[in-house]
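Please look over the model shown here before reading the notes. They are arranged by topic.

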Amino acid sequence: MDNVIEVNNLVKNFDVSKGFFSRNKTIVKAVDGISFSIPKGESLGLVGQSGCGKTTTARALCLLDPKTSGDVKFYNPEADEMQNLDNLNDDQVKQFRRNTQMIFQDPYESLNPRWTIKDIILEPLNIHNIGSLENRTEAVVEILKTVGLTPPENYLPRYPHELSGGQRQRVSIARSLIMNPKFVICDEPTSMLDVSIRISIMDLMLDLAKDLQVSYLYITHDLAVARYMCNRIAVMFNGKIVEIAKTEDLLSNPIHPYTKRLISSIPVPDPKYTREKYEINFDELDEIISNNTENLPMVDVGNEHFVATHDVKDLLI
Amino acid sequence: MSKDILVVDNLNMHYETLEGKVMAVNNVTFSVKEGESFGLVGESGCGKSSVASTLLQLQSDNAVISSGSIKLDEKELVGMTESELRKVRWNDISIVFQGAMNAWNPVIKIGEQIREAIREHYPSNSKKENTEKISELFKIVGLEDSIMDRYPHELSGGMKQRAVIALALSCDPKIVIADEPTTALDVVIQDQILKEIKKVQELLGLSLIYISHDIAVIAEMTDNMAVMYAGSIVEKGPTASIFSNPRHAYTRLLLESTPSVVGEKKKLRALDGEPPSLINGLDACAFSPRCPDPSDDCKNGNLEMKLIEIEDGHWADQCCVNCG
């Protein structure tokens, strides 16, 4: 199957050495050799605790931060081929940016408070110089309708502070989709929203994915949300992917102890249901995963279900 | 049958603002028994936290309690003077605020900050006694004694939140209000804190009021619960009964809009529209404009807001009981 993005051994280190003259370099391996690919039209959930490297991965993938090493190939619809991010010319970088968009977590901080909604959504079109001025405004009106902000005329002249959290997040979605991207990175787009609004934003994103053939890399710490949104889920721990599988398979048949712990920590909205208690020793887990100088191989346990380990038997703690 | 420790009767509270009165708490009535865990759930701005701050009389300056009573262990709290209230707060009722872990004073050691609270309420205790007390509390919430000599920035979010819980327990209150104690935390840490709160509650026989927007947490933590919408309670009763037989249209929507990791994957229902403005209050059922499938009574606003008893101890607002 065709992929929109293929990530191979992505590494992102941060230099946290103290002092200008310090000889010893202290390095934090925020993302430590992760690999995944996303087929066209499918969505991958990236799940893990705070600080496990989810957002760093996202930022490295859309060229906001330079990656340390690794290969990232993306599908460029304008050239109809997979291109490696390392050897793009300026035009191709622009094409990449057009086709890869991001939706951020906080709709209160990711929209410029001094710009009107029209300016905000228009900006990508201006930067990439797409269409005539008139066409651009038409496109903005059209996209506002698509994301359910109707009538659009009411929203065009408004400022972000006049909108509610849910409406703002719709504006963020409109801004990212106006470029007709094939791949959108969503960094916890619903975690700041109220329960009742959350579902309508999630449904909107699912509908748009179907209609516009967009693939999502959906970052979240909530497995229940990931289950609703994604075809596959990758579980991340300390900068590494420990398990990756189809959503239902991962939830019903988790193999890695960290995945099991993560699933067992999600509250269930049913008072009659008692969650299975699953405790793991995080220090021990840390040792197994991080102190391995070489990356653990991903073992296929069938049904496109991969676990990071030398031998699945090792994980039966 | 254990006795009621907290009885809130017909409580009304509003905020005086330039645009008018914001009716934040309307006719709220509920009671909490000894050792019981009571949940308050609803979306942002529904008045959950206003209820919490009113219970301790910690509301902001522009808040006015217009009527109603709050009886804690048969003592009336509404109308108490500030010095009387200071004796009640922390000794009888304490609170863990939302994001309280960020409220530690950054330049004072954790232990000293807890000692300060105890000293205020038990001035005759010696420093050694207080330290022993804190060490006991730390054991309950799963912290090591050495944390006492640490500054807040040296602790992780989960540890700070545990210390806040220890602080809330420091004067042996009968009832603890937990106002979204886990919202800023990670799923795994949230899980640990929830277990800790449950353990503490059972160990000390505390009454607990648990406030959250997450209905899944309420399902796990509470025996009885109330669903709030636009400043009013729209449904209340035993948690199990509300989950198995939700009667109010809003409760049903809340339950159907929560994703879960177990069971069949369901299509979730979205709730359209915005909660109503509470300025100058509402006459009829507050939920009618957003009601997905209103009954005739609901559409025409025939019924005033009134809780009716559906089955033993399970109450719901009469307006939206027959809506879809």
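The notes below cover the sheet, a helix pair, backbone details and the chain contact.

This is a predicted model, in which local features need pLDDT of at least 70 and side-chain atom pairs count only at pLDDT 80 or more, while totals for chains, interfaces and linings use all residues. Residues are numbered from 1 along each chain as its sequence is written, and chains are lettered from A and ligands numbered from 1 in the order in which they are written. Helices (H or I, at least four residues) and strands (E, at least two) are DSSP runs, numbered from the N terminus.

**Sheet of chain A**

- Chain A has an open sheet of four strands in the order E2-E1-E4-E5, with antiparallel pairing; two strands pair if DSSP finds at least two bridges between them.
- Strand E2 (27–39) and E5 of chain A are the edge strands, each pairing on one side only.
- From one strand to the next the twist averages 20°; axes are lines fitted to C-alpha atoms, for helices over the stretch in contact, and angles run from 0 to 180 degrees between N-to-C directions.
- Four bridges join E4(A) and E5(A) in the antiparallel sense, and Lys73(A) has Asn84(A) in E5(A) as its bridge partner.
- H1(A) packs on the sheet and touches strand E1 (3–15), E2 and E4 of chain A; residues are in contact if their C-beta atoms, placed from the backbone, lie within 7 Å.
- The direction of H1(A) makes about 65° with that of E2(A).
- Helix H2 (residues 90–99) of chain A also packs on the sheet, where it touches E4 and E5 of chain A, and its direction makes about 75° with that of E4(A).

**Helix pair in chain A**

- Helix H3 (residues 117–128) and helix H6 (residues 165–177) of chain A pack at about 25°, their axes 8 Å apart.
- H3(A) and H6(A) are therefore roughly parallel to each other (angles under 35 degrees count as roughly parallel, over 145 as roughly antiparallel, 65 to 115 as roughly perpendicular and the rest as oblique).
- On the H3(A) side the contact involves Ile117(A), Ile120(A), Ile121(A) and Pro124(A), and on the H6(A) side Val171(A), Ala174(A) and Arg175(A).
- By class, the residues of this contact of H3(A) with H6(A) are six nonpolar, no polar and one charged (Ala, Val, Leu, Ile, Met, Phe, Trp, Tyr, Cys and Pro count as nonpolar, Asp, Glu, Lys and Arg as charged, and the others, Gly among them, as polar).

**Backbone details in chain A**

- Thr150(A) and Pro151(A) are joined by a cis peptide bond with omega of about -10°, and Pro151(A) lies in the loop between helix H4 (133–146) and helix H5 (152–155).
- Leu63(A), in the loop between helix H1 (54–61) and strand E4 (69–76), is a residue other than glycine with a positive phi, near 65°.
- Leu63(A) counts as partly exposed because it has 15 C-beta neighbours inside 10 Å (a residue is buried if 20 or more other C-beta atoms lie within 10 Å of its own, exposed if 12 or fewer, and partly exposed in between, with C-beta atoms placed from the backbone).
- Asp80(A), in the loop between E4 and strand E5 (81–84), is not a glycine but has a positive phi of about 55°.
- Asp80(A) counts as exposed because it has 8 C-beta neighbours inside 10 Å.

**Contact between the chains**

- On chain B, 31 residues are in contact with 29 residues of chain A.
- Helix H6 (187–204), helix H7 (215–221), helix H8 (239–244) and helix H9 (249–256) of chain B each supply at least two residues of the side touching chain A.
- H7(B) gives the largest share of that side, five residues.
- The side of chain B that touches chain A has 16 nonpolar, six polar and nine charged residues.

How values were computed. Two residues are in contact if their C-beta atoms, placed from the backbone, lie within 7 Å.
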